[in-house]
Amino acid sequence: MGICLFVSCEKFLEEKTPGIETTNGYYTTVANIQTAANACYTVLRSGQAYRNDLGKILETRHNDIVVGPNAALRSELLTLYTYSLSSTTGSYEGTWSVYYSGISHCNAAIDFVKNEPIGVDKTTAPRVIAQAYCLRALYYFDLVRIYGEVPLRLKFTSDASSLDMPKSTIDQIYSSIISDLKYACGETSENPGLPVVYENGGDNNGRATLGFAQALLAKVYLFRKDWNNAAKYTDMVIKSGKYALWPNFKDYFYIKNKNQPNSAPLGEAVFEAQLNNDLGDGNYYTTWCLPVRSAIPPTSLGWDGAWGQGDWVAKADLYRSYEKGDERRMYTFLSDTFPDNNANGGKGGYSKVDLDTATYRYIYKYRLDDQTTPWGNNMSNIPIIRYSDVLLMYAEALNEGGTQGTLTQYAAINLVRSRAKISPLIGLTKDAFREAVYKERRLEFVFEFQRFYDLQRTGRLIAAIQDRVPGFKDGMEYIPIPQSELDVNKKMVQNPAW
Amino acid sequence: MLPDKSDAQKIQKTKSFKSMKNLIHLYRRKPATQKILLTMRLTLFLLIASVFSAFSNTYAQKTKLDINVQNRTVKDVLNEIETQSEFFFMYNNKQVDVERIVNLDAKSTTVDIVLEKLFAGTDVNFKVVNRQILLFPNNLINLAEQQGKKVSGKVTDQNGVAIPGAAVVVRGTTTGASSDNDGSFSLVIPTDAKALIISFVGMKSQEIVISGKTIFNIVLEEETIGLEEVVAIGYGTVKKSDITGSVSSVKANKLKDASSNSFDQMLQGQAAGVVVSQSSSAPGGGVSVRIRGSNSINGGNEPLYVIDGMPIYKNDGDAFGGHDYGSSGAPNVLSTIDPNDIESMEILKDASATAIYGARGANGVVLITTKKGQIGKSNIIFNASYALAEVAKKYNMLNASQFAQLNNDARIAGGDKPLYDLNNLGNIDTDWQNEIFRVAPTQNYQLQMTGGDEKIRYMISGGYFNQQGIIKSSGMDRYSLRVNFERSVSKRIKIGENLTISRSNNNDGNATTVLYNALKRVPTSPVYIDGTTELASENDNIHTDLAGTQNPFYKMNLCTNAQTTNKLLGNIFAEITLLDGLMFKTDFGATIQDIKGVYFEPADLSARASGAGIINNNYTINTVIQNTLNYNKSFSKHNIAVVLGQTAEKYEYESNHVRGEGMSNITTVYNNMAGNYMTSNIIQSNIGGFQMASFLGRVTYGFDSKYLLTSSVRKDGSSRFGKNNKWGYFPSAAAAWVVSKEDFMQNQTIISNLKFRLSYGATGNQEIGNYNSMATLGSWVAIINNQNVKATYPDRIANADLKWETTKQFNGGIDLGIIKGRISLIADYFNKTTSDLLYYKPVPLSTGFGSILSNIGSVENKGFELGLNSVNLDGNFKWNTGITFTLQKNKILSLGGQPAAKNEPTILQEGEELGTWYGYLTDGVITDANHPAQPDAKIGDVKFKDIAGPLDANNKPTGPDGKIDGNDRTVLGHQNPNVLYSLTNDFTYKGFELNVFFNGVSGNTIYNQTRQSLEDLSGKSGAVADVLNRYNGTNPGTSIPRALQNGGTNHYGSGTNTKFLENGSYLKLRNLTLAYNLPAVLSKKIFVSNFRVYFSGQNLWTSTKYSGYDPDVSAYDNFAYPSTKIYTVGINLTF
């Protein structure tokens, strides 16, 4: 106090922060840096990303799904459906913001943990950094596919000196993603990379693993049409032996199977957006996709009369594309599997309908069959890469000219087909095989945010939607940059199509 | 051996006495010292004697004398004592017979015993002071009487209270006396004496012409006005005549009689340029004070309060954590101080006055000085008052049958069947306002003891204040104790302390929720089911479709929402006079406050099925140390005063919040949280604070009291500032020219005072919040393996440049006094520019952040202030008038390149004021079936004005586009008044006093959200009677839309619109007091020296167009606690 006269005033004027944390000194303990790693995952549970808005952006703009008749979000979805977007409508400022805050969390983990010497622990710090690299790659991969060219921020914004930043080219962004993923795969001398399996098992279920980094890298290469690398990294995942398909398609979506091993120690989920029901904001898609005013099981929980929204329904063409006996159809759409529907002749206003001729086909992929809490909080995770995706990517890469590894391309695709209880493929031409893989992906990953990307990367998007969007032009597959970013970031320009 | 005495005798003879008849001659004789004759007035001597008596007796007690004389004169004995010791005697040989022959035998005896023996049986008295011994006759006056003319009289104050210890001196001499305990005095004056001068500390001196009179009754006036008055400025005081800046001073006697609980309320209308508005009229409710306008968007606009030199950090936000149930305004921290303890308040307005407070001076400074004891005046004062408050105005609401009609109309319009059978309504017609309001008493008691002598001054006061709210559940009480004490330890050292301890219990009583529910509750709903004690809910068969209101008696009778505040405010100080004119002062102070807030609501189906309880604990401690050096020196015509100082301050807060839901037990409520099972709970804690270190200096220089210069600088460091801007400098300079002191002004008698003042300087606002410059971490949860795990990440971009907001202010003023100060006028023009405004500047979202707290933009406040005081009549009937008048204008000069921030109901836009309303313009109701701009609306719905379309390709505004949407929003009006005025008239006649105080504001608008909510045409909730004039097809001129219950779209503008923006101008009879002072002759009989009774009325009359409860309310009136009329009777007794 009064001593300020005699000792250092500067010391007296230091801001003391007993009640709050600052970046200064935080990243020095194992427990603290673990929380920094956790922060890299927050995007995955955000309503503006995987849990809600990503579904809007990615499932409304392709040709298998249409906006439902009673959609609560009808006008919002229609702007996406018709590609009538602008920098203030349909630019998904919240999504942009959440992805970049996730990137900021990753950058902070990388910059601060790299800079803090942690003597006691040789494992955690590199692993925190590797997770941050891996997730940063995932987020940029989503951004570059949704918005196209975006600013590539690879340093934490620690002061006001570098707030404005121009877009990087798509090539630059991909090369950064590839470099980040190679880092996460342990291909640098600096960092051993992500573990195949975390030592303390279950507690870390849901964290990025080596298998995920490899599968994601493979997918990036697939998007870059680098078939050899796509084949190489999918094969690494296959060869690891840590993953296997569940025997039945529906098993994957049982909540009891979430994060569980099957015949392989890591099960089928290579990486998922982890959700739970603690915060009352689980997987939204159940609600969004089910019909309006539907009473959904399990009614025994006293949750009778909860409301669906009917935001999206599937087109007949999608429904009719399944081969006879394909179990996936039954577990993708509502009518076939809705238990009360059969027993009671319809509860909550449904009657058993023939979806083939029905007006609307409601999607019921994120299932509630074994959920024990009210369905408003669906506990299902949202898959980002499943093992069937790895197999199909591998098959596609081989067909396009990639070098074969553990399996043949037929073996890979037929693993997926046989799990769906349909007959194996043999002896197709290269083109026919390509079409077969595309079709398999379309049917396997309904409402798993894959369809739009698949059309986009294979150049089939324009053909798929040109009837619906006659004014569609090149570049429209990228949604507009939000106006607020354009207003504030003086180095930013709008995407050319808008 | 006896010394030779001739020299001394010679001196005595040479000095003969004419006008010094009642003075004693001081005769001193010591070997090797010059013989001196001193003259000294007896009273003065005795005064000094008493001052030093604490030190004087050691020598006298230690020194032992051996005296053995036979048949010697007294004078010989005195000489013998002087020889044996260092004592020397002072006496007048005309009064003390020193030639008397005595015998005396005393061995090893102290001097007082020797003297007692020596003068035994005579009328000679003695007093030993240090080494001096004074001899004087007991009947000094009688003796003096024979030598001049005797005059006598009595000194009283304006209220007839005797003033003991007043000095009565013959002009041009040192002859005088002091008044005794009854205020009476008598003295013998020389026959040629012309006039008496009567003076007393704190009172204006008076000169009375003698002209043959012998009896004088002198009434001294308190030195409240006048240029010799001393006013507090930061870190010192200054004579009012020497002020160079703009300072308004409000003395205690201007503040008495108001039954306000808080002194900031009392500033209302007292000083030009100060806007006081009542953010809540609830007991203990908050007050907002703005000095010369608002400077800041995000940094706060409250002035700095300094109590007895100690800055008080008033941040209700930190001090009170708040909770999200019910209403609970933070209690006004300043209401914990008893206003009766305040002696004066000084409001520092311009930069010259405030820059000494540096980074906290930008919003102005209010200096509060509490009462101190006075020398020679011991008083016991008892004040008591009892007041009754009633709601000043009520909303005129629909009665039961009117409401039933509305409900039916609204249902029919929505395609439903009517609910009410209008011919068979039953007898329930609840006037909910009557149910919740009451006539509420306020009691206020205070006992104050003050007194002092040359060494010790004290003021001890204890008070109890109890105010019940007009909403039945609300109220507050306060116990307070203040002890102010000063002691002169030695000639050079004074120590002292000021201390207040108070405890306030503030019962919010959920008043705002109660009020909301009462006004929104339908009149057809009863309070109790079948008149029993069971509260009626709305879930009966008639009221099922109503908007969700709660029976207000649920919150009022069954729920708790209260706070207890313990506050300690105090400082201790020492003043050391190092050299003549150079004083060092060290001052250590602390404000310690703890607030406990509790909330409880029992399980209730219509509210919270499971019950809930909250405990909030907030502790704050603010410690300050200040060291200052003051140097004052006058040489010939030069006057110089220098202050140098260093201060350091630390503010810490801590809060804990515990909240549980699902409480089943209504007996232990929140007192046993753990034992009262909860379905969910929230536990929070927080801690933080800031530090400041400062250096300050001020030089004032005056030449001949004509030319005055002041310059000050403060260097402030705050922990809140960013690393690159840890220290700010705040300089100021001012000059004044006292024209009336110039020679050329001396030949006229009209202008008694004329002074021009100019000042310029910079001040700061450090309310940028704690930790805002740092890269703080936030946390959320991520989900791993179905579990929530803590995710921590930086949530703010560090801004090492973050700093205070800077206000630069120019002030020019004139002080004018006419006819010996009968009329005095102070006028000021000011122009302030605040730059580096604290602003959340948006950053690209791609950084991962939304904004960075930056210093950008600027705001201007300029204005004109006038204060006028006039003594209209002076004599038996006195009439004084005081006027204040303020013109002010606020403007946002720049937002630093940021776009206008449209946050309905307000907008921040360059060129507009801070506090500008933004929304839609309304234009009556739609009467034409063709109204394409509002396609979903129907006839009878509110019509909005189409004024603009979207910006064109060049970002230029466009005209009407045939569509009502966000583009049609515009600036609607301003929150802050631009004209403020007040008028005070004081009349006194004999013992009667009458004070009439008006104040007014104009140019402001209030958004009446309350009325917007009550002009409800759905028929689902209580509505104001205005809706009787709703559109019904036959009244196209009405502004009230049609009744409609369900199914309407665009039916009613819920957004901000002009319909509910109202003129907030008012003129109020703020206070009227009639008092009577019992004549002293009568009051004496009951042993009271002053007996005063008064009646006062507050807020008796208001002229306004505002339709809400009261225009003296926050600009956004959202069910604000209604204002009251208060009638007070009180007594002031001085013993």
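## A pair of helices in chain A

In this predicted model, helix 15 (residues 387-399) of chain A packs against helix 16 (residues 409-419) of chain A at an angle of about 145°, and their axes lie 8 Å apart. The crossing of these two helices of chain A is left-handed.

Helix 15 of chain A contributes A:S388, A:L391, A:L392, A:Y394, A:A395, A:L398 and A:N399 to the contact, and these meet A:Q409, A:A412, A:I413, A:L415, A:V416 and A:R419 in helix 16 of chain A. Sorted by class, the contact of the two helices has 9 nonpolar, 3 polar and 1 charged residues.

## Neighbouring strands in chain B

Strand 31 (residues 612-635) of chain B is joined to strand 30 (residues 582-601) of chain B by 20 bridges, and the two strands run antiparallel. Within this pairing, B:T591 has B:N622 in strand 31 of chain B as its bridge partner.

Strand 31 of chain B is also joined to strand 32 (residues 638-661) of chain B; here there are 24 bridges, and the strands again run antiparallel. The bridge partner of B:T628 is B:G645, in strand 32 of chain B. Strands 31 and 32 of chain B form a hairpin with 2 residues between them. In the turn, B:S636 has a positive phi of about 40°. As a general point, the side chains of a regular strand alternate between the two faces of the sheet.

## A cis peptide bond

The peptide bond that runs from B:E904 to B:P905 is cis, with omega near 15°. B:P905 is located in the loop between strand 45 (901-903) and strand 46 (906-908) of chain B.

## Two residues with positive phi

B:N510 is not a glycine, yet it has a positive phi of about 55°. This residue, B:N510, belongs to the loop between strand 28 (493-507) and helix 12 (511-520) of chain B. Is B:N510 buried or exposed? The relative accessible area of B:N510 is 0%, and buried means under 20%, so B:N510 is buried.

B:I819 is likewise not a glycine and has a positive phi, of about 50°. The loop that holds B:I819 lies between strand 39 (805-818) and strand 40 (823-835) of chain B. The relative accessible area of B:I819 is 46%.

Terms used. Residues numbered from 1 in each chain as written. Chains lettered and ligands numbered in written order. Predicted model: local features only at pLDDT ≥ 70, side-chain atom pairs only at ≥ 80, totals over all residues. Heavy atoms only, no water. Axes fitted to C-alpha atoms, helices over the stretch in contact; angles between N-to-C directions. Helix = DSSP H or I, 4+ residues; strand = E, 2+ residues; numbered from the N terminus. Left-handed = near helix turned anticlockwise from the far one by under 90°. Contact = heavy atoms within 4.5 Å. Nonpolar A, V, L, I, M, F, W, Y, C, P; charged D, E, K, R; others polar. Pairing = 2+ DSSP bridges. Buried < 20%, exposed > 50% of the residue type's maximum accessible area, 1.4 Å probe, protein only.
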